[in-house]
Amino acid sequence: MNEALLPADEPKRTDPRGFVVMALTAMLRGGLPAFAGLVGTGAIGMGLIVLLPAMAALLSISMGVAWLKWRHLTYTTGHDSIRVERGLLSRHARAVPYDRIQDVGLEQKLLPRLFGLAEVKFETGAGGKDELSLTYLSLEEADRLRELVKERKSLDVTPEVAPEGVVPDGSAAPVLFAMDNRRVMTFGLFEFSLVIFAVLLGAAQQFDFLLPFDPWNWERWAEFATSHRHDFDWLGATGRFGAVLAVVFGFLAVAGAGVLTGVARTFAREYGFTLERTAKGFRRRRGLFTRTDVVMPVHRVQALKIATGALRRRFGWHGLSFVSLAQDAKAANHAVVPFAQMDEIAPVVEAAGFELPDNGVAWHRASRRYRIDSVIRSIVAFGVPATAAAGIALLLSGGNAVSTSATAIGLALLGFVLAVRHWFVWRHTRHALDGPQLFVQHGWLAPRLDIASQVKIQSVEIVQGPIARHRGYAGIKFGLAGGTLEMHGVPLEEACGIRQAVIDSAAAVDFSALPR
Amino acid sequence: MPGAAYYLYKTPMDEVSKVRAGSELTPLHPNHVKVLRLQAAIFALPFAVAAFVLEVVGVLPTGAVIVPILALLAWLVVWMPIRRHYARGFQIAADRLRVVRGILFRSDTVVPFSRVQHIDVSRGPIERYYGLSTLVLHTAGTHNSSIILPGLGEQEALAMREAIREKIASAAQ
């Protein structure tokens, strides 16, 4: 097997089809807006005589640039590192040792997928921005590289002992969690989004010059409504009732658009979601147009986050994500079980080497003083400006007085809501040290649970502001690779005790001896 | 002037001793105060110049700008660095380092040597002039990815780095 994987140690280029894809992408990105602009400004009237040569020039330029890029990028799979050289005028060379590569991710966007190509990303934990990636390789070559990195890594690292029931890569690995279309559909309904509304409004504002009329001219609309009044007669709705009906329809339309976008976006992202436990770690595949395939080694999981929403919680739906140094698309955490019941999440938590809190966990809440202080703080922070606004409103008259009083009432209400929230959120915020683990639960309507392993904590900071010092409580910030973990308003002595315990367990195990 | 300088050093000590009562922390090198002062002075200079210009232009009554501004800057340059200096300290144990700082907002960080990825000793131009160094411990954590301990003597910082390095190396065996 090793023979087949040993590379010819000479520079290679990426797949030649890749430059076609790159040229097409560049053209779509640059060409479509240009075309829209031509149409919008009426230049299309000049006819195809101008348009066609322009498009041809654009196409050949993007082809040329893509070809140069492709021609001058080579990668070499060496003995201990992968090297990439690129650039025509300024050359860049980068070598990444196999040891440092934590993850090899494949991403297939729609266009490259049609050509059977994939983008290969090598994650080194450098922080996401400066990672090495190769665009585009054939699927076979991508798989070969992934296998190669795994092989090379395991040459000098003792291979991870596969737990019982785990089948090596290649054969069918046990599926830990998967979502069928029905589940994705349900998930989508909870992902209701109002963003589309904002986008539509924004687009209307941005492209109103393309419309044959001015959508912001209210007088024209009123005129239109009056002149077409009889078109609505079939509704049997007249006068005030008609107006109410229109508003209701408007809201339903927006809500419908919100639900639809939620479902569509969720389907695009989560379609065919599968999480498997392979010998090398957790393998997650998902996506409709952009299919992603990510492998996350078990040892790289630093902590777990279990989150839910105010509404979905009523139906028992939760989501589990892993905290690690690697980045997942834009999010810092890897969603491994996006939408499931707790009994589906439990086996994944166990497979990651963590435990869910059981009934025996000794939970602690923040100091009662902290609860009172946060309530007072939100009252003061909003009460003072509200009082000031009310005072000013008394001095003013007419429309100014009305708007200023409205501001005062708004501020007061906001302060009140925040104060109530702080009062209740205290009851639902708690933490516990339990065996080798650390639990932090927070949130009132949409509670979240963080589970961290004490040996994987990098540092512990105790912070105190002036009020906290006076009142004898403190915040604790844990240094976690790839995420944050904090406790607030812990009595100072307890905070010192927690720090002592966590650092004691962390200091006992060297970083290099952590399971990896 | 030595009397005045002594007085300035003397007063805040009582204030600071309250903070440090019963503290097991090692204080920073005395020259650290001078570094902080010089940094504060560099920060204050543009404001002092602006106040002076306003005074010379004479838009406002004599002394209305320059007196409060200069008083504020004097407090910032002379008194604050002393408090900041005494609010800082560190404690080094067999397997961990503790770094404390802050007057109003206190921060008290502990890092086990077993979680230190690499160690830097850095020296800025001002620090170099006063023979000081800053020790920086890097961890893999997103929060506190680098723990900074300024105001160490050059030799002390190097010795600390060597000691921590040796501990990491022996633990990694």
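Q: How much of chain B counts as buried?
A: Of its 173 residues, 39% count as buried. Buried means under 20% relative accessible area, exposed means over 50%, and partly exposed lies in between (1.4 Å probe, protein chains only).

Q: What kind of model is this, and how do I read the names?
A: This is a predicted model, where local features need pLDDT of at least 70, side-chain atom pairs count only at pLDDT 80 or more, and totals for chains, interfaces and linings use all residues. Residues are numbered from 1 along each chain as its sequence is written, chains are lettered from A and ligands numbered from 1 in the order in which they are written, and side-chain values use heavy atoms, leaving out hydrogens and water.

Q: OK. How many helices and strands does chain B have?
A: Five helices and six strands. Both are DSSP runs numbered from the N terminus: helices are H or I with at least four residues, strands are E with at least two. From the N terminus on, chain B runs α-α-α-β-β-β-β-α-β-β-α.

Q: Switching to rings. How many aromatic pairs are there over all chains?
A: Twelve. Rings of Phe, Tyr and Trp (its six-membered ring) pair if their centres lie within 6.5 Å; planes under 30 degrees apart count as stacked, over 60 as edge-to-face and the rest as tilted.

Q: Why is the pair A:Phe424 and A:Trp444 called stacked?
A: Their ring centres are 4.9 Å apart and their planes are at 10°, so the pair is stacked.

Q: Where do those two sit in chain A?
A: In distant parts of the chain, 20 residues apart. A:Phe424 is in helix α12 (residues 399-428), and A:Trp444 is in the loop between β17 (437-442) and β18 (448-453). A:Phe424 is partly exposed at 34% relative accessibility. A:Trp444 is partly exposed too, at 27%.

Q: What about B:Trp75 and B:Trp79?
A: That pair is stacked, with 6.4 Å centre to centre and 25° between the planes. Both residues lie in helix α3 (residues 66-87) of chain B; they are four residues apart, so about one helical turn separates them.

Q: Which residues do ring pairs link into a cluster?
A: A:Phe187, A:Phe190, A:Phe315, A:Trp317 and A:Phe339.

Q: Which ring has the charged end of A:Arg371 over it?
A: The ring of A:Trp423, with the charged end 3.7 Å from its centre. A charge sits over a ring if NZ of Lys or CZ of Arg is within 6 Å of the ring centre and within 35 degrees of the ring normal. A:Arg13 sits over A:Trp70 in this way, 5.9 Å from the ring centre.

Q: Now the interface. How many residues are in contact?
A: 31 residues of chain A contact 27 of chain B. Contact means heavy atoms within 4.5 Å.

Q: How much area do the chains bury between them?
A: About 2,200 Å², 48% of it on carbon and sulfur atoms. Buried area is the accessible area (1.4 Å probe) that two parts lose on being put together, summed over both. A:Gln458, A:Glu461 and A:Asp510 supply 24% of the area that chain A buries against chain B, more than any other three residues.

Q: How many salt bridges between the chains?
A: Two. A salt bridge is a side-chain nitrogen of Lys or Arg within 4 Å of a carboxyl oxygen of Asp or Glu. B:Asp108 and A:Arg499 meet in a salt bridge at 2.8 Å, N to O.
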